[in-house]
Amino acid sequence: MRNGTTFSADAGGLLSRRHMLRIGGLAPLGLTLPSLLGSTQSTAAENRGSTFGRAKRCLMLYMWGGPAHQDTFDLKPHAVSEYRGEFQPIPTNVPGIELCEHFSALSRHADKMHLIRSVTHSDNNHSTSAHWMLTGFKHARSAENFGASQSDFPHIGSVLSKFAPNPTLPTFVALPELIATTAGAVTPGQGGGILGKKYDPFRIDQHPDEPDFEVPNLTLPDGIARQRQSTRLSLLEDFDQMRRDLDHAIAQPELTAFQRQAIELISSPAAYEAFDLQAESAEMRSRYGAGTFGQSLLLARRLLESGVKLVTVYWHRDQPGVDTTWDTHSQNFKGLKDRLIPQVDQPIAALMEDLQLRGLLDDTLVFWNSEFGRTPKINARAGRDHWGKCNTVWMAGGGVRGGGVYGASDKFGSAPEENPVSPADLSATVYHLLGLAPETTIHDQLDRPFPISDGRVLKPILT
C-alpha cells in the first residue's frame, strides 16, 4: 500500500527501499544522501504554497476506539439493511453534504469542515493502528497489549515541540487521560518516542468536569515552599516572593525534568490563566456541555488561545476498567445514539462557534481522528468490528477549505473508491499546515535520520 512504510527504530530506519535504490544509483554520479535530501527539500520549499504554516495551533480530537464511519460521516442509506445501519442522513448547511441525523448541532458547521472519506490502512489492532494514525508511521508490530516505548515514532505534537518549542507554556498538551487498552497497556504513539521523554506532552490526567479538578503537574515538588494563595489576585501580589523561591528550587540538581517543567510553569502567571477553567462563565461551560469531553474541549480552547501549539483531547473512559470508548462491537447504534454522539455533537459545535467568534478559526486546525473505521456488515450483536481498510476523518480551520469532501468509499463503506488517503498523507498535511515540511528529519538516540512524514500533502482540501 502507498505510504505504508513500517517504522522500527530498532530495525535501522525509515527510508523506503525505493528511496535507498535511488540513492544507490546516484552515488556514482557524486550525489550522496545529504545532497539528495537537500535537493528534495529545496524543491518542496518552492511548492509549499500559501497554506504552509497557516495553522498557528492545532486541536486533535482523537476518538479512541474507532467510530463507525458509515454511521457518522459517511452514511450508506441505499445499501441493504445488514450494511446500511439504523440511522438516516440529514442535510447540513452545505448543499450535498450529509451527516448522521444525530449530529444536529454539528451539521450547522459543515461549511467549516472538510470530510476525508477515503482514509485507509492495513491494521485492525487498536494499539498499533493508533500509533499509525497519531504519528503517520506504521508500527513495526501489528498487535495489542504490548505498551508504548522509546522506540516508537513520536506524536505530531512531540515533533512540533522539538522544532517550535514554546518559551514558557507547554508546546504540546494531552488530556484528559492516557489512552490504554482494557488490559492496561499504554497505547504507543502518544509521546516523544525516539525523541525521548523530553518531548512527551504535558499531561492532564484528571477529567475537567470533576468538581475537584486541578492540574496536578502545576503542583510544586515536595519540600518547595509556595506562598498561600487565597484569591487569584493574591497570586500576583505574592508572585515576586514565590519567584525567588522557584529560582532557588530550579537550581537544585536532584530535580527531575518533569519537576523542572512544573516549576517553570508555576512561575508563569500566563500558565495559571491558561489552565484555570474556573475563569470561564457558567454560561460558557454549559454551552460546551457538562461531560468530560465538552469540558476538555473548553480547556483545550483556553490553552490554544493562550499559546499552547497542539492539544490532543483523547476520548475517555467513563468508568475505570470498563470499555466506554467508540469500540462498538455490540449495540453499536444504541451506543452511538444514546451515549457517544450526544457527548460530541453540541461541544464540537460550540467549539466551532467559539473559535470563529474569537477570530481563531482561520489559523487553528481542528482534526477529528481515530485508529480505524468499523466493518461494513453489522454483526450478530448489532455491532461493527475493527476495519482499517476504510475510515472517515475530517479537518477544519487553519488553512483547510471548509464545506468539502475529499475521496469516497464504495457503496458499502468497505474500501476507498477514489483518492485513497494514508495515515502518512494525513500527517504530512498537518505538518504542512503547522509550518513543518514533511521531509524534515529527526534523529533517534543512535543519531539515525528519519523524515517526520513520508506522505503527500492533501492540497485539494486546502484553501
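How many salt bridges does a search of the whole structure find? The search turns up 17 of them, a salt bridge being a side-chain nitrogen of Lys or Arg within 4 Å of a carboxyl oxygen of Asp or Glu. The model is a predicted one, in which local features need pLDDT of at least 70 and side-chain atom pairs count only at pLDDT 80 or more, while totals for chains, interfaces and linings use all residues. Residues are numbered from 1 along each chain as its sequence is written, and side-chain values use heavy atoms, with hydrogens and water left out.

On to the sheet. Here 8 strands form an open sheet with mixed pairing, in the order S8-S7-S9-S2-S10-S13-S5-S14. Strands (E, at least two residues) and helices (H or I, at least four) are DSSP runs numbered from the N terminus, and two strands pair if DSSP finds at least two bridges between them. At the edges sit strand S8 (202-203) and strand S14 (404-406), each pairing on one side only. Strand S10 (residues 364-369) runs antiparallel to strand S13 (residues 391-396), with 3 bridges joining the pair. Trp 368 has Trp 394, in S13, as its bridge partner. Helix H4 (residues 126-135) packs on this sheet and touches S2, S5, S9, S10 and S13, where contact means heavy atoms within 4.5 Å. The direction of H4 makes about 160° with that of S2; axes are lines fitted to C-alpha atoms, for helices over the stretch in contact, and angles run from 0 to 180 degrees between N-to-C directions.

Back to the charged pairs. Side chains of opposite charge can pair when their charged atoms come close. Arg 57 is buried, at 13% relative accessible area; buried means under 20%, exposed over 50% and partly exposed in between (1.4 Å probe, protein chains only).

Asp 74 and Lys 76 also meet in a salt bridge (3.4 Å, N to O), and both residues are buried. Another such bridge is between Asp 425 and Arg 456 (3.4 Å, N to O). This pair links distant parts of the chain, with Asp 425 in helix H13 (residues 423-434) and Arg 456 in the segment after strand S18 (449-451), 31 residues apart. Asp 425 is buried, with a relative accessible area of 1%, whereas Arg 456 is partly exposed at 26%. Finally, salt bridges with shared partners join Glu 280, Arg 301, Arg 302, Glu 305, Asp 354 and Arg 358 into one network.
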